Amino acid sequence: MAEGLQIKKETVGESLTVYLSGDLNVKTSPYLEEELIKSLEGVKELIFDFADVEYISSAGLRVLLAMEKTMRRQSGKMKLLHVNPAVKEIIKLAGFLQVMHIED
Amino acid sequence: MRRKILTGGMLFTLILAIILSYNSYQRFTAIIMQAHEEDALRTAKIALTFLDADNFFICNQNTLARQKILYEWQKIVDTQDATFIYVIEPYNDYNNIRFGVNVKSTASNPDYVVRPIGYAMATSNDEYKKAYKNLYDGSKEYAFVMRDNGISLVGDHITAMVPIKNSKGVVEGILCVQWQLDELDEEKILFLKHRTRTLLIYLAVILLIGGKYLNAKLLNPLTALTQGVKEISDGNLNKKLEIKTGDELQTLAENFNTMTDELKRQMANLTKVTAERERIATELDVATRIQMSMLPKNFSVDKRVDLFATMTPAKEVGGDLYDFYKTDDNHLFVTIADVSGKGVPAALFMVAAITNLRNYTSALKNPDELKLAIENTNDRLCANNDGGLFVTAFSGVLDLTTGIFRYVNAGHNPPLIRRRGQNFEELPMELNFVLGGWEDWQYVQQEIQLQTGDTIFFYTDGVTEAVDSTGKLYSLERLQKFLNELDKNLSAEEILSEVRKSLENFSVNAEQSDDITMLAIKFEGRH
């Protein structure tokens with residue numbers, strides 16, 4: 001468990017929902033990536049619940065981008081739920097809205 | 001330790017010797033006494049055989065029978081340890097006795113005298129009285145009375161008594177044999193001396209052997225163990241404890257040796273790790289300096305612009321960069337960028353980004369087509385990007401003659417622009433994807449017309465995301481407000497210096513977690 005970020009995973013069939021709580025920064029992001037890499041096999045739908053994420057740094061964006069690419073490689077889909085406006089602004093700024101699906 | 005054990009051992013031995021001696025003395029006395037009693041009783045019974053109980057009165061007359069008794073009894077007392085054989089008849093409820101026939105040994109104590117027949121006296125004590133009574137009422141077949149006051153009193157004796165019964169069972173009198181115990185005390189003392197000496201010798205031998213064994217098996221190994229452990233604790237980790245006792249001490253020593261080995265291994269490992277860490281730290285330091293050296297420091301790039309930039313790396317080598325250069329007389333390229341992540345990978349990626357950007361912008365036939373250089377750089381960075389790193393970058397090219405500023409924002413924070421005499425506002429921004437994130441991305445290029453006196457402030461998120469000691473962000477709002485309160489005549493260098501100070505005040509007591517990079521450019525060309 002990385003300090004500052006809690007990760008809860010829930011698998012239903014081929015759908016994996018990841019509940020995040022805390023900050024996605026340079027310290028916590030490598031931990032998230034490590035956690036996800038081992039559970040992505042065979043997943044067709046990856047859902048991030050961002051309800052409790054208050055901040056995302058470029059390191060966090062990098063993990064999201066890597067996941068997006070991985071999902072596309074295995075013909076799956078990825079989407080982000082309940083993204084708060086501040087985080088959404090950062091994601092938008094980096095141009096990620098154009099490759100990632102954020103559901104309101 | 002050794003002294004304690006020895007003293008304790010000796011004390012223990014002494015006490016044991018005393019207890020054992022006393023115990024055997026008691027038993028010895030009892031056995032000896034019993035032997036004497038038996039002898040005395042036997043003598044009394046022999047003496048009794050010479051009496052005719054049915055005609056008992058005869059022996060008290062001066063008759064031949066009495067002469068014969070005296071003759072036989074004299075033989076008995078002179079050959080046995082008996083000193084006195086006499087017959088008595090108690091009366092007055094055993095409080096007095098009358099003597100009958102009696103004889104004393106020739107060699108005995110002159111205090112004893114042969115009593116005349118009928119000699120009366122008071123009974124010596126209650127013990128005698130009780131014995132007489134027991135014999136008369138038939139509750140005992142014999143009795144002993146002991147006159148013994150312990151060691152060193154001479155004249156101790158034992159009196160064995162048997163009743164003189166006639167054929168009808170009537171007790172006519174009591175036959176007493178006085179048995180001298182003069183030698184008993186001597187025997188006792190002799191025995192005690194001998195026994196104690198023997199015991200002491202035995203115990204001393206046991207103590208000596210036991211002590212030697214204890215020394216060899218416990219004390220010597222313990223001393224060796226103590227000294228060895230001290231040597232180890234003094235820092236000699238090569239010391240091995242050699243204890244071959246085959247018991248817990250040996251196990252202890254072996255465990256200690258294992259522990260020492262482990263300690264040695266750990267220390268060697270620690271030394272290695274520390275050295276390795278120092279090496280890495282040095283390399284990271286070198287990497288930071290190389291990185292910093294790639295950033296241009298000569299800000300007098302053209303008289304038509306006032307330009308200044310700073311980059312303050314966080315503790316670890318980071319991934320921020322700024323860059324500016326002219327590709328010809330008229331075109332000034334400016335870039336500010338932030339690589340995702342930290343450390344050497346970020347720094348290397350940053351070097352790749354800066355190098356590619358310089359190459360592709362320099363190769364542009366028409367410098368105004370910045371977008372092409374950005375797209376090429378993006379494709380370049382996407383290739384072989386296994387680490388999944390990317391750069392948020394803002395790149396622009398300023399036409400120093402016309403003041404037209406063309407730019408592409410690849411996912412970076414929008415710079416702030418201040419039109420002459422106005423406030424800082426975000427530069428109008430199309431959203432583009434970051435560099436190195438998605439291959440073949442089509443970037444959108446924008447442009448604005450700069451007027452003389454217009455200022456653009458570029459920054460990375462190290463500025464707006466600087467935190468104070470409570471974790472609060474510096475924020476874009478605070479930055480914008482601070483910039484707008486500045487004197488509008490400040491130079492680019494002064495603006496950056498003021499922001500720098502503001503950040504330092506804000507983040508006092510908080511560690512800088514990200515690189516802080518700023519670049520300000522003031523267009524002074526179009527008059």
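## Two helices crossing in chain B

Helix α7(B) goes past α8(B) in a right-handed crossing; a crossing is left-handed if the near helix is turned anticlockwise from the far one by less than a right angle, and right-handed if clockwise. Here α7 covers residues 343-362 of chain B and α8 covers residues 370-382. Their axes come within 9 Å and cross at roughly 140°. Axes are lines fitted to C-alpha atoms, for helices over the stretch in contact, and angles run from 0 to 180 degrees between N-to-C directions. Helices (H or I, at least four residues) and strands (E, at least two) are DSSP runs, numbered from the N terminus.

On the α7(B) side, the contact is made by B:A352, B:A353, B:N356, B:L357, B:Y360 and B:T361. From α8(B) come B:A373, B:N376, B:T377, B:R380 and B:L381. Two residues are in contact if their C-beta atoms, placed from the backbone, lie within 7 Å. By class, this contact has 6 nonpolar, 4 polar and 1 charged residues. Ala, Val, Leu, Ile, Met, Phe, Trp, Tyr, Cys and Pro count as nonpolar, Asp, Glu, Lys and Arg as charged, and the others, Gly among them, as polar.

## What kind of model this is

This is a predicted model: local features need pLDDT of at least 70, side-chain atom pairs count only at pLDDT 80 or more, and totals for chains, interfaces and linings use all residues. Residues are numbered from 1 along each chain as its sequence is written, while chains are lettered from A and ligands numbered from 1 in the order in which they are written.

## Chain B overall

Chain B has 11 helices and 16 strands. Of its 527 residues, 31% count as buried; a residue is buried if 20 or more other C-beta atoms lie within 10 Å of its own, exposed if 12 or fewer, and partly exposed in between. If you take the contacts in chain B between residues at least 6 apart in sequence, 67% of them join residues at least 24 apart.

## The six-stranded sheet

Chain B has an open sheet of 6 strands in the order β3-β2-β1-β6-β5-β4, with antiparallel pairing. Strands β3 (120-122) and β4 (143-147) stand at the edges with a single partner strand each, so one side of each has no neighbour in the sheet. On average, neighbouring strands of this sheet are turned by 30° against each other, direction ignored. Strands pair if DSSP finds at least two bridges between them; β2(B) (residues 96-104) and β3(B) are joined by 3 bridges and run antiparallel. In that pairing, B:I97 has B:M121 of β3(B) as its bridge partner.

Helix α4 (residues 126-136) of chain B lies across β1 (82-91), β4, β5 (157-165) and β6 (171-180), and runs at about 170° to β4(B). Over in strand β2 of chain B you'll find B:K104. This lysine is buried, with 23 other C-beta atoms within 10 Å. The C-alpha atoms of B:K104 and B:F84 are separated by 4.4 Å, although the two residues are 20 apart along the chain.

Strands β8(B) (residues 320-328) and β9(B) (residues 331-339) run antiparallel and are joined by 8 bridges. They form a hairpin with 2 residues between them, and B:F324 stands opposite B:V334 in β9(B).

B:D93, in the loop between β1 and β2 of chain B, has a phi near 55°, a positive value in a residue other than glycine. B:D93 is exposed, with 10 other C-beta atoms within 10 Å. B:N509 isn't a glycine either, yet has a positive phi of about 70°. B:N509 sits in the loop between α11 (492-506) and β16 (516-523) of chain B, and is exposed with 7 other C-beta atoms within 10 Å.

In helix α1 (residues 29-37) of chain A, the residues A:S29, A:L32 and A:L36 are buried. Looking down the axis of α1(A), the buried residues fall within an arc of 55°, so they line one face of the helix; the arc is that of the directions from the helix axis to the C-beta atoms. They pack against β1 (5-12), β2 (15-24) and α2 of chain A.

The contact between the chains takes 14 residues from chain A and 16 residues from chain B. On the chain A side, α2 (58-73) and α3 (85-93) are the elements that give two or more residues, and the largest share, 6 residues, comes from α2(A). That side has 9 nonpolar, 3 polar and 2 charged residues.
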